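Take a first look at this protein. The report below walks through its parts one by one.

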Amino acid sequence: MIKPPDYVLGIQPYVPGKPIEELERELGIANSIKLASNENPVGPSPKALEAIKNSLSDINRYPDGAGYYLKKALAEKLSASESICEDEIILGNGSNELLDIAVRTCMQAGDEAVMAVPSFVVYSMAVQGVGGKSIQIPLKDYTHDLKAMADAVTPRTKMIFIANPNNPTGTINRKYEFARMMEEIPNNILVVLDEAYYEYVSDPDYADSMKHLHAEGNVLILRTFSKIYGLAGLRIGYGVAKKEILNDMNRLREPFNTNSIAQRAAIAALKDSEHVSHSRNINEAGKTYLYGELASLGVKYVPTEANFLYMPVEKAMALYESLMKMGVIIRPMGPHAIRVTIGLPEENKRFIEAFKAVVGS
Ligand SMILES: Cc1ncc(COP(=O)(O)O)c(C=O)c1O
């Protein structure tokens with residue numbers, strides 16, 4: 001009988017949602033909309049689609065394991081603010097994979113990692129996967145409490161996770177508070193700055209993570225092509241850190257962890273600034289519409305810097321189920337909150353109409 005270690009048995013497996021077609025069949029509904037996974041409702045860039053078509057004929061070949069051209073394109077783009085070279089970039093099968101590699105690189109059983117709660121669930125799952133301990137610090141005003149997180153550091157701490165913007169609340173940490181925290185953190189602790197929603201942020205005081213890359217050196221910045229770039233299904237993300245950190249992570253990275261189609265699509269998406277700004281504008285317009293409608297209903301929401309909205313509610317599960325029956329799929333976040341991805345104008349309207357109907361009844 002196979003007996004995995006207790007720390008593996010302690011992990012709650014991620015429960016994926018059912019395919020939308022299956023859900024519709026079960027509920028006897030059609031035309032449902034998915035506002036549950038913070039994807040880009042606009043779709044992928046047409047330029048990325050073209051690159052995908054053009055890369056199909058050589059999928060008999062292994063991909064470029066070093067991701068040479070994508071790293072080159074990223075280095076060029078990122079160097080607009082701080083000079084970043086190719087060997088300060090690592091590619092991942094989604095930024096999720098890089099979180100996992102970082103944890104396996106830095107931690108062993110009994111080590112601690114500090115993170116916020118609620119935040120992205122993958123952090124604690126990855127830490128538990130190596131028998132580490134997650135020290136979970138409650139959010140303050142729905143935002144990472146960086147002071148309390150720094151105070152939670154002990155000699156056993158190996159990593160700190162900061163989702164900026166935070167998932168599920170959409171809040172950010174600003175320059176000055178992040179800089180102050182970095183001053184306090186010993187440089188043998190890796191600070192993971194998860195910026196999956198970076199491109200959506202409009203606040204001018206948003207923490208400038210790249211500045212800390214060379215200043216303190218103990219940061220790993222994670223970004224992804226799954227959100228504004230609209231390539232979630234291809235699984236491609238990247239990390240930026242000093243090359244010594246990446247050399248160690250590369251020991252644990254599978255040689256061909258990102259596929260050739262994803263690499264080429266990502267290069268094309270990166271260059272399609274029109275698609276990015278259109279996606280950002282759609283998101284901003286959706287945000288304004290939702291804020292207005294929710295305010296007129298007297299419903300509380302947390303102002304967001306990302307492409308989703310966190311709403312404290314009384315009965316999240318009941319609300320989720322009622323909305324689903326009306327073909328609007330959102331994400332319950334525990335018993336007292338929901339998270340709704342900002343969609344296309346007609347999708348946002350459908351959410352508001354369904355929400356009114358459910359709450360009104
Ligand atoms: C905060 C945060 N980090 C990382 C990810 C993972 O993104 P991916 O693995 O698709 O790059 C997500 C996805 O929802 C997220 O919300």
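How many nonpolar, polar and charged residues does the shell around the ligand have? By class, that shell has four nonpolar, eight polar and one charged residues. Keep in mind that this is a predicted model. In total, 13 residues stand around the ligand. Those that come nearest are Gly 94, Ser 95, Asn 96, Thr 224 and Ser 226.

**Two domains**

The protein is divided into two domains. Domain 1 is built from 6-43 + 274-360, and domain 2 covers 46-272. Their C-alpha centres lie 25 Å apart. The two domains touch: 25 residues of domain 1 are in contact with 25 residues of domain 2. On the domain 1 side, the elements that give two or more residues are α1 (6-9), α12 (273-297) and β9 (308-312). Helix α12 gives the most, with six residues. By class, this side of domain 1 has 11 nonpolar, nine polar and five charged residues.

**A helix in the open**

Now look at helix α2, which spans residues 20-27. Is α2 largely enclosed or in the open? Of its eight residues, the number buried is zero, so α2 lies largely in the open. Just after α2 comes Gly 28, which takes a positive phi of about 65°.

**The sheet of seven strands**

Next comes an open sheet of seven strands. Its order is β2-β8-β7-β6-β5-β3-β4, and the pairing is mixed. Which strands stand at the edges? They are β2 (89-92) and β4 (133-138). Each has a single partner strand, so one side of each is left without a neighbour in the sheet. Neighbouring strands of this sheet are turned by 25° against each other on average, direction ignored.

Strand β5 (residues 157-163) pairs with strand β6 (residues 190-194) in the parallel sense, over five bridges. Ile 160 of this pairing stands opposite Val 191 in β6. Ile 162 has Leu 193 of β6 as its bridge partner. Strands β6 and β7 also run parallel, joined by four bridges. Here Leu 193 has Ile 221 of β7 as its bridge partner.

How well covered is β6? Five of its five residues are buried, and the strand is mostly covered. Both faces are covered: Leu 190, Val 192 and Asp 194 lie on one side, with Val 191 and Leu 193 on the other.

Six of its six residues are buried, so β7 is largely enclosed by the rest of the structure. Val 219, Ile 221 and Arg 223 point one way from β7. Leu 220, Leu 222 and Thr 224 point the other way. Thr 224 also belongs to the residues that come nearest to the ligand.

Helix α5 (residues 95-106) lies across β2, β5, β6, β7 (219-224) and β8 (237-240). It runs at about 160° to β7.

**The sheet of three strands**

Another open sheet has three strands, in the order β9-β12-β11, with antiparallel pairing. Strands β9 and β11 (331-332) stand at its edges. Each has a single partner strand, so one side of each is left without a neighbour in the sheet. Strand β9 pairs with strand β12 (residues 337-341) over five bridges, in the antiparallel sense. Tyr 310 has Arg 339 of β12 as its bridge partner.

Here are the strand pairs side by side.

| Strand pair | Sense | Bridges |
|---|---|---|
| β5 and β6 | parallel | five bridges |
| β6 and β7 | parallel | four bridges |
| β9 and β12 | antiparallel | five bridges |

**One residue up close**

Finally, turn to Leu 146, which lies in helix α7 (residues 146-151). Why does Leu 146 count as buried? It has 24 other C-beta atoms within 10 Å, and a residue is buried if 20 or more lie within that range. Leaving out residues up to four places away in sequence, Leu 146 touches Asn 173, Glu 177, Phe 178 and Met 181. Pro 204 is 58 residues from Leu 146 along the chain, and their C-alpha atoms are separated by 19 Å.

Definitions and conventions
Residues are numbered from 1 along each chain as its sequence is written. This is a predicted model: local features need pLDDT of at least 70, side-chain atom pairs count only at pLDDT 80 or more; totals for chains, interfaces and linings use all residues. A residue is near a molecule or strand if its C-beta atom, placed from the backbone, lies within 6 Å of it. Ala, Val, Leu, Ile, Met, Phe, Trp, Tyr, Cys and Pro count as nonpolar, Asp, Glu, Lys and Arg as charged, and the others, Gly among them, as polar. Domain bounds come from an automatic or database domain assignment. Two residues are in contact if their C-beta atoms, placed from the backbone, lie within 7 Å. A residue is buried if 20 or more other C-beta atoms lie within 10 Å of its own, exposed if 12 or fewer, and partly exposed in between; C-beta atoms are placed from the backbone. Two strands pair if DSSP finds at least two bridges between them. Axes are lines fitted to C-alpha atoms, for helices over the stretch in contact, and angles run from 0 to 180 degrees between N-to-C directions.
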